Amino acid sequence: MGEDLERLKRRIPLLEYLPRHNWTARRLGAQPEFVGLCPLHRETRPSFYVNARKNLFYCHGCGRGGDLIRFVELSLALPFRQSVAYLQQELAPAPVSELLEQTAAFYRLQLRRHPEATRYLERRGLQDSALIDELGIGYAPGGKLRRHLATRGFSFDLLLQAGLINSQGRDSFCRRVIFPCCQHRQIVNLYGRRVPAPFGPGAAFPHRLLPRSKGGLFAWESAGQFSTVILAEGLFDLALLWQAGFRNTACAIGARLTATQLAQLCDRPGRQVCIVFDQDENQAGQQASRQLARRLESAGVTARIVQLPAGHDPNSYFVAGATAADFAACLQQAQ
Ligand SMILES: [Zn+2]
């Protein structure tokens with residue numbers, strides 16, 4: 001028990017716990033000591049001291065002091081055992097979905113603050129701000145993410161484990177436009193598309209997902225209600241198709257479908273799937289389309305492959321000036 005308590009106190013240092021509960025302090029010179037207003041009583045001159053090395057507090061105003069557990073007992077008026085239980089619960093890792101929600105919300109805020117991000121969306125042909133909101137698109141400017149999430153109680157280790165930061169604490173989505181991937185209305189992953197720097201070489205890794213399942217098809221909750229579904233490869237393809245009015249579009253985020261995604265396409269008898277993958281020079285997209293069409297057909301789903309002019313994906317096709325009618329004509333001719 002004593003050992004457990006020592007570990008508990010080490011894992012939540014007073015200097016992490018107190019600022020999380022709105023205590024602000026200043027450091028006393030080069031000492032490992034910090035001073036601020038006492039959170040246990042009203043005062044105007046700071047008399048509450050925390051020694052970081054000893055992990056103890058003492059208030060010269062009210063004469064109370066001790067360790068973290070003592071602080072919880074006093075501040076929340078809880079008996080010892082309940083204070084320990086409260087701290088253990090505080091330590092329990094927040095569910096990753098909560099972490100991803102907070103991260104996506106942070107990125108959404110950043111999108112409006114960084115013109116380079118909105119300019120990039122415009123260059124990719126995405127101008128409809130209501131649609132940008134609806135898709136929950138955000139921007140990772142790099143920096144600030146770790147600090148922001150720390151104030152919300154998420155530990156460095158959890159962010160690292162989730163792949164949101166690297167071991168130096170830097171945002172791993174740095175300079176990327178972010179699409180949150182949802183399943184059952186919960187964010188299960190984040191997709192980031194690198195915004196190219198105005199000068200210099202292109203990025204080595206333009207696409208990025210967190211190292212966890214990409215979940216089901218993007219936007220399946222809405223697209224899956226249609227009897228004919230358009231299946232795109234990339235999220236910008238989906239965004240531009242939605243913008244042009246083709247709301248029955250879902251996206252696999254890549255040309256290779258997971259078992260979950262395949263099962264979703266086959267979950268309704270009589271469904272028709274129009275596959276509109278990239279027209280790659282090396283034929284990768286076309287090959288993936290044919291393979292997928294065969295798998296769908298053998299599961300009883302009607303599959304059609306949509307041909308766009310050579311070298312185009314839906315995104316570039318619309319950016320090049322194609323209209324909804326042009327795309328509808330391609331759908332008509334799909335085989
Ligand atoms: Zn005090």
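The structure holds 14 aromatic pairs. A pair means rings of Phe, Tyr or Trp (its six-membered ring) with centres within 6.5 Å; planes under 30 degrees apart are stacked, over 60 edge-to-face, the rest tilted. Take Phe-48 and Phe-71: their ring centres are 6.0 Å apart and the planes meet at 70°, so this pair is edge-to-face. It links distant parts of the chain, with Phe-48 in strand β3 (residues 48-51) and Phe-71 in helix α3 (residues 68-76), 23 residues apart. Helices (H or I, at least four residues) and strands (E, at least two) are DSSP runs, numbered from the N terminus.

A word on the model. It is predicted, so local features need pLDDT of at least 70 and side-chain atom pairs 80 or more, while totals for chains, interfaces and linings use all residues. Residues are numbered from 1 along each chain as its sequence is written, and side-chain values use heavy atoms, without hydrogens or water.

Now the lysine. Lys-9 lies in helix α1 (residues 2-11). Is Lys-9 buried or exposed? Buried, because its relative accessible area is 13%. Which residues does Lys-9 touch, leaving out those up to four places away in sequence? Asn-55, Asp-67, Leu-68 and Ile-69, where contact means heavy atoms within 4.5 Å.

Technical notes: Buried < 20%, exposed > 50% of the residue type's maximum accessible area, 1.4 Å probe, protein only.
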